[in-house]
Amino acid sequence: MFIEQPNRQFIRALLVSEQRFTLFHFDRSGVQHSQQFDLSDNSSRSQYLFVRLVVGLCSPNESDLGFDTTIQWKFEDGRKVSGTLKTCGDDGHDEITYKLANTDPIWSSFNIRGSCTTYWRIVDPQSGEKRLVKDSWRSEERVSEKTYLEKAKGLPGVVQMIHCEDNRAETKVFRGLTNTSDVPGNFHNRIAIRIVMKNGGRLLKEFTSPKELVCAFRDAIAGHQLLYENEIVHRDISMRNILLGEPGAEPGGRGMLAGLDMAIFTDSDRDIPETNENGRSGDRTYWPIAALARGNPDCDTYDGPHDHLDDLEAFLYVFAYMTHGYSPQGEQLTLPTQLQAWALQNCWVAAESKVLFLGEPLLKQFRNLWPQSCRTLVTNLKNFSKGVTKYKRRIATEAPDDLREEIMKKMMEKINEHYDGVLRFFDKAIQELDKEAIVVSPQVQVPVSWSPGSFFGAPSSPNPCVDAPSETTRNRGASSRLITLQRDQVPRKRASEEDPDDQPEAKRAGHDDPDDVPKTPPRPRAKARTSAIQRQVAVSSPLRPKDSYGEQG
């Protein structure tokens with residue numbers, strides 16, 4: 001019902017059997033239910049209570065039924081044809097009515113519990129320009145997104161707030177928990193907030209060309225750098241939080257970063273109360289490896305606070321998701337099985353699949369469709385993130401406890417180099433996109449244009465833009481050194497979809513002609529391992545359990 005009725009704030013329903021009934025209440029804090037009442041017990045007045053509940057659930061007042069009455073639609077022949085959205089200005093008094101540009105939200109969450117963000121595209125009644133409205137439910141312990149957006153005013157690459165209506169509703173009020181003493185210890189109150197932004201509401205998946213997508217990422221990352229310089233860590237880089245700029249926008253406005261509801265200040269306490277077992281919320285599909293493994297006692301990755309490098313790694317996963325799940329013209333494709341594992345609820349398995357992604361060659365579906373410049377860009381971003389992951393792992397496993405913080409501080413002194421290097425990858429890709437054609441041969445090898453050592457102390461080329469050996473040569477046999485995912489948790493690959501070009505022909509699927517198969521017999525396939533994933537991590541994996549290796553390399 002929350003999905004089909006996007007203006008729902010809560011739902012109440014009766015579960016009735018022949019002799020008993022129970023009242024259920026669903027909102028963005030979860031579910032609450034009453035005790036069971038016996039309809040056959042006349043002394044407890046259960047029958048009278050049942051009648052009152054039925055009458056209440058049939059109320060003609062929409063707000064009593066859990067609807068947000070500030071969003072209304074006009075219907076013709078049972079279908080929505082238009083709609084309006086009302087909100088108040090920053091002073092809380094000036095009510096503004098916007099026309100909905102789309103009768104349905106352009107993006108909404110499928111979750112019941114959580115921030116449950118919904119984006120609406122609206123039309124300004126005075127200027128006629130399209131705006132974006134974000135409805136969400138923030139945790140009571142969190143700083144309001146309004147605070148961060150006010151500090152981000154005037155920053156290119158970041159959405160600009162027009163006005164904000166905070167404290168629109170609270171889940172504790174829906175449940176009648178008005179007194180602090182009545183609030184259960186495991187209950188997390190959530191507060192409704194509505195933000196009107198200048199951006200016209202073009203989602204990332206609405207891109208129409210590789211250049212538009214690359215430019216949007218480039219400007220969003222530049223905006224992320226400006227946020228970090230203003231002491232704001234975003235912490236929720238995801239597909240819904242990177243927006244396209246208006247067509248023909250100048251550099252700085254071609255893409256924008258949104259969704260600061262998970263942000264924190266760099267000088268604030270990082271131990272913010274959270275609402276899930278992993279200490280994080282947001283879309284885990286794009287979480288960096290360190291965030292997925294954080295809190296796992298068997299993992300030797302760096303367990304420090306979330307920093308800008310974690311967000312830059314998340315940008316890679318969003319870009320990879322877009323380039324593997326969509327064609328260069330923006331048509332949605334079937335996502336490769338390896339990337340599907342990123343969304344698994346098991347954070348350990350999701351982290352392992354990302355380790356594989358960083359270490360293995362580019363997937364065939366991506367190589368066959370996207371131009372050379374985008375393939376080089378993904379390779380550079382993978383090498384950058386792989387270098388960060390390995391460096392942090394060395395800090396976790398080799399650095400003395402009393403020196404880890406000092407080592408991280410020295411690495412943080414190179415923040416500008418980190419951003420400049422990543423932005424240089426995108427600038428080079430944009431230049432190449434202006435020269436090359438969209439159709440690319442699948443046999444083209446992808447050069448590596450950067451070595452992570454220039455940022456993290458390992459030997460590298462003095463010029464980070466000098467081409468290095470191809471990724472296929474560099475990573476030959478990488479999959480044998482990395483972990484093997486459990487078969488019952490990650491879908492198996494289709495051979496026609498993800499076989500590397502450098503793989504022997506005898507190991508590929510679809511060779512019916514025996515003349516096409518090389519005479520050299522293929523290497524025997526290793527026996528499948530069915531032990532727990534914690535015992536499947538190989539020596540080179542940055543996430544191997546502490547008890548699965550001996551001497552350090």
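Mentor: We'll take the strands, then the helices.

Mentor: Before that, some housekeeping: this is a predicted model, with local features needing pLDDT of at least 70 and side-chain atom pairs counting only at pLDDT 80 or more, while totals for chains, interfaces and linings use all residues. Residues are numbered from 1 along each chain as its sequence is written, and side-chain values use heavy atoms, with hydrogens and water left out.

Trainee: Which strands pair with strand 2, and over how many bridges?

Mentor: Two strands count as paired if DSSP finds at least two bridges between them. Strands (E, at least two residues) and helices (H or I, at least four) are DSSP runs numbered from the N terminus. Here strand 2 (residues 20-27) pairs antiparallel with strand 1 (residues 11-16) over six bridges. Strand 2 also runs antiparallel to strand 3 (residues 30-33), with four bridges, and to strand 4 (residues 37-38), with two bridges.

Trainee: What links these strands, and which residues face each other?

Mentor: A hairpin of three residues takes strand 1 into strand 2, and Val 16 has Phe 21 as its bridge partner. Another hairpin, through two residues, leads from strand 2 to strand 3, where His 33 sits opposite Phe 24. On strand 4, Asp 38 is the bridge partner of Arg 20.

Trainee: What is the strand order in the open sheet of three strands?

Mentor: The order is 13-15-16, with antiparallel pairing. Strand 13 (202-203) and strand 16 (255-257) are the edges, each with a single partner strand, so one side of each has no neighbour in the sheet. Strand 13 meets strand 15 (residues 242-244) over two bridges, with Arg 202 opposite Leu 244.

Trainee: Which helix lies across that sheet's strands, and at what angle to strand 16?

Mentor: Axes are lines fitted to C-alpha atoms, for helices over the stretch in contact (heavy atoms within 4.5 Å). Angles run from 0 to 180 degrees between N-to-C directions. Helix 4 (residues 210-229) lies across strands 13, 15 and 16, at about 40° to strand 16.

Trainee: Is helix 8 mostly covered or uncovered?

Mentor: Buried means under 20% relative accessible area, exposed over 50%, and partly exposed in between (1.4 Å probe, protein chains only). Helix 8 is mostly covered, with 13 of its 13 residues buried.

Trainee: How far does helix 8 reach from its first C-alpha to its last?

Mentor: The expected span is 1.5 Å times one less than the number of residues. Helix 8 (residues 347-359) has 13 residues and reaches 19 Å, close to the 18 Å expected.
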